[in-house]
Structure formats: structure tokens, C-alpha cells
Amino acid sequence: LEEWRKAATECAFGNKMLSGTVALALVFLLVVALCMPRPPKECTKEYMDCRDTLRCCDSSQSCFEKSEFWASCLPSCTTGIHYDEEPQWRSPWTCKVLAGPSRDRRLLQLPAETE
């Protein structure tokens, strides 16, 4: 940790030394910034084509492939014809998962207190 403090201090302030508390706070903020999940730049809404983004706005959905020309964000998928589609769009779904549901990443999980 001491090496990190020195490196952070020199990187941010040249040869000027910081107090241990300030340097430790800088290191902590750097670690937090690097570990935080980044919000998606772009996502796809339910039933829309997700081949480009491979990310559904609803984190419980997956991007399922219909064909090489279409994939959609859905909560689940059954291979074959989806009869809820308009007749002109009915063709078999492969239901290959191109991107699964996203999960919350936990930055820090503290151990439970034991007595």
C-alpha cells in the first residue's frame, strides 16, 4: 500500500509529498473509479433488433437471435415460429443467445460480523 501511496503522490503532485490520509484517499478513489461498473453507452429496448448493441436496456432480458438478419431483446425465447409476430414476419427463431442478461457487480462485499 505504501508503494501505491508514493506512486499516486508522485503521479499527481510530482515530488511534493502528501499526508498519508490524503494520499490514501486518492488511492481509494482511484480504485473505486476503476472498479465501478460503467453504464452502457447504448442499449436496445424490448422487441427491437439488438445485433449491433448486444445489450438490452432491461437487464433481465437477453438478446436472442432469430436469423442472421434479426435478433431481439426478450425475457425468454422458444425455437421455431413465434405466432405472436405479424404474419409477414413469421419465420423460425434460432433463439441463440447473443448476449445474456446483465448482472449487478458488487464493488465491495464486507464479511458478515461474527461474534
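Six residues make up the largest nonpolar core: Cys50, Cys56, Cys63, Ala71, Cys73 and Ala99. A nonpolar core is a set of buried Ala, Val, Leu, Ile, Met, Phe, Trp, Tyr and Cys residues joined through side-chain atoms within 4.5 Å. Buried means under 20% relative accessible area, exposed over 50%, and partly exposed in between (1.4 Å probe, protein chains only). In soluble globular proteins, nonpolar side chains tend to be buried together.

This is a predicted model, where local features need pLDDT of at least 70, side-chain atom pairs count only at pLDDT 80 or more, and totals for chains, interfaces and linings use all residues. Residues are numbered from 1 along each chain as its sequence is written, and side-chain values use heavy atoms, with hydrogens and water left out.

Beyond its neighbours within four places in sequence, Ala99 is in contact (heavy atoms within 4.5 Å) with Leu54, Ser62 and Cys63.

Now step to Leu98. Leu98 sits in strand E3, residues 96–99. Strands (E, at least two residues) are DSSP runs, numbered from the N terminus. Is Leu98 buried or partly exposed? Leu98 is partly exposed, because its relative accessible area is 29%. Neighbours within four places in sequence aside, Leu98 is in contact with Arg51, Leu54, Cys63, Glu65 and Ala71. Leu98 and Arg51 are 47 residues apart in sequence, yet their C-alpha atoms are 7.8 Å apart in space.

Methods
Helices (H or I, at least four residues) and strands (E, at least two) are DSSP runs, numbered from the N terminus.
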